[in-house]
Amino acid sequence: MKRSKKYNEAVKLVDKTKVYDAKEALELVCQCSKAKFDETVELHVKLGVDGRNADQQVRGVVVLPEGTGKTVRVLVIAKADKAEEARKAGADIVGDDDIIAKIMSGNWLDFDVCITTPDMMGAIGRCARILGPKGLMPNPKSGTVTMDVTKAITDVKAGKVEYRLDKQNIIHVSVGKVSFGADKLYTNFSTVMEAIIKAKPAAAKGT
């Protein structure tokens, strides 16, 4: 396979015989960035657990101290006072049954995070087959089903990310943009790793 000049230049910076510590690796990531856009830096962690067992699930949320570098479009599905609270808190889209119908009728998904109040979950359940596969279904564990919509919106806008196991027991999560530089990326990286380590299930024997 023929590789681009930029790819070949980046490969020369990496010593494949060396195991880099996190800070060195992030510095290298920044050096190897050659794209014309601000690239996202992702962390992938293979865990010594078996996610098929309910007592070995690893899932949670964490607010990145340096943010995500992304502009997040927040949808809030709520009624009456909570809908008004959401508008004041900076939600990009607010609605209730009308939004649910819009999602159901045309698979409308013009948002990045969906927050709702517990009383709306029965109605939103009809959208599960559409929102679930996209990772957009509100969930109490991720803090997106709550009566405190102001805090939920503030956290998401500030850089809250969710981490969870995939089918191979690997966690994939963004820790920022290349433009952050190694120091800020390391701050975000450390915060995520601390959260994952604290979330280790008691039943898990592996690392």
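Two strands count as paired if DSSP finds at least two bridges between them. Keep that in mind for the opening example, which is Glu-42: its bridge partner in strand E7 is Ser-174. A word of caution before going on: what you have on the screen is a predicted model.

That one bridge belongs to a longer run. Strand E1, residues 40-46, pairs with E7 in the antiparallel sense, over seven bridges. E7 itself covers residues 170-177 and is mostly covered, with six of its eight residues buried.

Now to another sheet. Three strands make up an open sheet, and their order is E4-E3-E5, with parallel pairing. Which strands are at the edges? They are E4, residues 93-95, and E5, residues 113-116, and each of them pairs on one side only. On average, neighbouring strands in this sheet are turned by 20 degrees against each other, ignoring direction.

Look at E3 next, residues 74-77. With E5 it forms four bridges in the parallel sense.

Is Thr-116 buried or exposed? Its relative accessibility is 0%, and the cut-off for buried is under 20%, so Thr-116 counts as buried. What does its side chain reach? It reaches the backbone oxygen of Ile-77, at 2.8 Å. Leaving aside residues up to four places away in sequence, Thr-116 touches several others, among them Met-121, Ile-124, Pro-138 and Val-145.

The last topic is charge. Side chains of opposite charge can pair when their charged atoms come close. How many salt bridges does a search of the whole structure find? The count is 10. I will go through three of them.

The one I start with is between Glu-162 and Arg-59, where the closest N and O atoms are 2.7 Å apart. Glu-162 is in strand E6, residues 160-164, and Arg-59 is in strand E2, residues 59-63, so this pair ties together parts that are 103 residues apart in sequence. Glu-162 has a relative accessibility of 28% and counts as partly exposed. Arg-59, at 27%, is partly exposed as well.

Another salt bridge joins Lys-82 and Glu-85, at 3.0 Å from N to O. Both residues lie in helix H3, residues 80-89, and they are three residues apart, which is about one turn of the helix. Lys-82 is partly exposed at 22% relative accessibility, and Glu-85 is partly exposed with a relative accessible area of 22%.

The remaining example takes us back to helix H7. There Asp-155 forms a salt bridge with Lys-151, and the closest N and O atoms are 2.7 Å apart. These two are four residues apart in H7, so about one helical turn separates them. What about their accessibility? Asp-155, at 18%, counts as buried, whereas Lys-151, at 49%, counts as partly exposed.

Technical notes: Residues are numbered from 1 along each chain as its sequence is written. This is a predicted model: local features need pLDDT of at least 70, side-chain atom pairs count only at pLDDT 80 or more; totals for chains, interfaces and linings use all residues. Side-chain values use heavy atoms; hydrogens and water are left out. Axes are lines fitted to C-alpha atoms, for helices over the stretch in contact, and angles run from 0 to 180 degrees between N-to-C directions. A salt bridge is a side-chain nitrogen of Lys or Arg within 4 Å of a carboxyl oxygen of Asp or Glu. Buried means under 20% relative accessible area, exposed over 50%, partly exposed in between (1.4 Å probe, protein chains only). A polar contact is a pair of N or O atoms within 3.5 Å; within protein, one must be able to donate a hydrogen and the other to accept it, and residues adjacent in sequence count only if both atoms are side-chain atoms. Contact means heavy atoms within 4.5 Å.
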